Amino acid sequence: MLIRRFVTAGTLAIALPFCAHHACAHEGTGHHGGRIADAGPYHIELVTRDRRVEVTIYDAKEKAVSPAGFKGTAILVVGGKPARVVLAPSGAGLSGEAEVALGANPKGVVQITGPDGAAASGKFN
């Protein structure tokens, strides 16, 4: 019984650093200098410049996904009020223009809908 507990504790001690690394894998910046969030089966990168919103969609292996067939909405908080930005395919991702300047790191949610109609969202704090 004591050996079983020792083995279990040892296994957890070894596994915890791997789990912690996986949980923090999206801290920092993405390929385009933006913040990364999980959105269902995808990872999304949010970049804001003045009024412009750009979102890049990645698969589970961090490979960029074609934006063809995707659509989305970014709901970002600016000055305590929500700014809703419709996102459409543009270049290598989705993009849209807000009515007000957003700043570099606005908080909010990006909702995407894939070509198959499945929706997912990523939260940015």
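A residue counts as buried when its relative accessible area is under 20%, as exposed when it is over 50%, and as partly exposed in between, with a 1.4 Å probe and protein chains only. By that rule, 33% of the 125 residues of the protein chain are buried. This is a predicted model, in which local features need pLDDT of at least 70 and side-chain atom pairs count only at pLDDT 80 or more, while totals for chains, interfaces and linings use all residues. Residues are numbered from 1 along each chain as its sequence is written, and side-chain values use heavy atoms, without hydrogens and water.

The protein chain holds one helix and eight strands. Helices (H or I, at least four residues) and strands (E, at least two) are DSSP runs, numbered from the N terminus. Starting at the N terminus, the order of elements is α-β-β-β-β-β-β-β-β.

Strands of a sheet pair through backbone hydrogen bonds, either parallel or antiparallel. Here two strands are said to pair if DSSP finds at least two bridges between them. The eight strands make an open sheet with antiparallel pairing, in the order S1-S2-S3-S6-S5-S4-S7-S8. Strand S1 (35-39) and strand S8 (119-124) are the edge strands, each pairing on one side only.

Strand S4 (residues 71-78) and strand S5 (residues 81-90) run antiparallel and are joined by seven bridges. Ile 75 stands opposite Arg 84 in S5.
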